[in-house]
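Please examine the structure shown here. The questions that follow concern a pocket and a pair of helices.

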Amino acid sequence: MLGRISASYIRSQPSVAAFRINIRALSDVPDVEVENYRNEWKTYGDIENYTPGKFTIQTFNKISTKGLKLFEEDKYEIRATGEGNVGNAHAVLLRSHKLQESEIMHTVRAIARCGAGTNNIPVARCTELGIPVFNTPGANANAVKELVIAGMFLGSRRVIDGINHMKELGRQGLAKERVEKDKSMFGGQELKGKTLAVVGLGHIGASTARDAAALGMEIIGYDPALSINSALKLPNEITLCDSISAAVANADYISINIPYIKGPNGTHGIIGKDVIRVMKPNAVLLNFARGELVDSEAMKEFLDNGDGRYVSDFPDDLLWDHKNAIILPHLGASTEEAEDAAAAMAADTIADYLETGTIKNSVNFPTASLPNRPEGSIRISVINKNQPGVLASITDVFAKAKLNIIQQINLSKADIAYNVLDIDPSWDHEGVSIKDLQKKLTMTDGVLSSRIVFGTPGAGYARNIDGEYWV
């Protein structure tokens, strides 16, 4: 059972005696004293079985074992939610689990989703808490692309209706008698020579465009934020439009591949009346991105009044039984290969962040490609609110401690800033009082957390929670 554990209880446990530790961080730096698990943590967890010296990774959902194997056994301990106590987690890995703030322990430094979307994670709140949220863009792109292509075939011919019809004839014992006569009920069209509009040209969209072109289709694309990397993956013969309406107007098939964003200027219902009214009456709309992107009322009106199709792997309470809609289970990334790739990318991202401070594929933090830590230096990372004066206050802490900053990066994204400083720990006296320095850093106005990025895995993390020092 998880619960609040008092500091006096922690001190009474033999397995916790090493939490306030004097460690030899690395062979090329002096002894560094760091402090760990002072004060009462919101959810401490499995104290008796916890062994300092490993990062604890908490998992929700079933995560691919191939991905989890990338966590080195001598540095990491994997604990699945629901399988015993998962206290003192340092990072969280999940797939579709809808994560609540109450499930995020004070010890958590990072959260990674094995997939592209992060709608099931309270990203805005994690940003306020100074916790980077990672995703795995492109890991499931091939799996989703293949389902989009399958959706085009399903939308071209009434294959599913034909299957159901044959099952009914089989029950009646009439299949052989009627098979040739009834096939005219399920005619369709070929993909070759038709036009596909791809709205959103990221990993999935670019891959869909490329493979559809190989099938002999004409490709139209729209993406106001097209990256150079994605552009290089597009087929040579593609027409780019400056709006969604312009892209879909002459398309026989339309594939939606954009993220779902709530709020003003978001993408909720972006495929609404204004877009749908310019579509061909027999167009096939493929939505394997997010159900909320499509206005169901407008789509129903379109399907009622024409011979168009809607194919999606998201539930729709209005369209689920429409004769011109094909609603599948959410199968986009449900392949063994995609789950392996997503878990591996998430594991690599988390390990890189915990061990070096590097940030890649974060949805709420700036990308931070860090140089190697100079020999003999100590790496400290600081997460703070992106507001004037905080950086100067951070560097002032080091200046007053007469510490030389060998190299430093300062990056920001919206309301959050990320600093990594490699310092020279050379002193005339023996030992380094890093724990005192870390407290001053962490309690600096605007700072959310700090971390000593070396030494005993799991140690050296401190947070400023409502003006109280947690370490």
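Q: What is the volume of the second largest pocket?
A: In this predicted model, local features need pLDDT of at least 70, side-chain atom pairs count only at pLDDT 80 or more, and totals for chains, interfaces and linings use all residues. Residues are numbered from 1 along each chain as its sequence is written, and side-chain values use heavy atoms, without hydrogens and water. A pocket is an open set of points on a 1 Å grid over the protein atoms alone, where a 1.4 Å probe fits, with protein on both sides within 12 Å along at least five of seven lines. The volume, the space filled by probe spheres set on the points, is about 380 Å³.

Q: Which helix gives the most to the lining of the second largest pocket?
A: Lining residues have an atom within 4 Å of a point. The most, 3 residues, comes from H12.

Q: Why is H13 described as roughly antiparallel to H14?
A: Angles over 145 degrees count as roughly antiparallel. The axes of H13 (residues 390-400) and H14 (residues 434-442) come within 10 Å and cross at roughly 155°. H13 is therefore roughly antiparallel to H14.

Q: Which residues of H14 make the contact with H13?
A: Contact means heavy atoms within 4.5 Å. From H13, Ile394, Val397 and Phe398 take part. From H14, the residues are Leu437, Lys440 and Leu441.

Conventions:
Helix = DSSP H or I, 4+ residues; strand = E, 2+ residues; numbered from the N terminus. Axes fitted to C-alpha atoms, helices over the stretch in contact; angles between N-to-C directions. Parallel < 35°, antiparallel > 145°, perpendicular 65-115°, else oblique.
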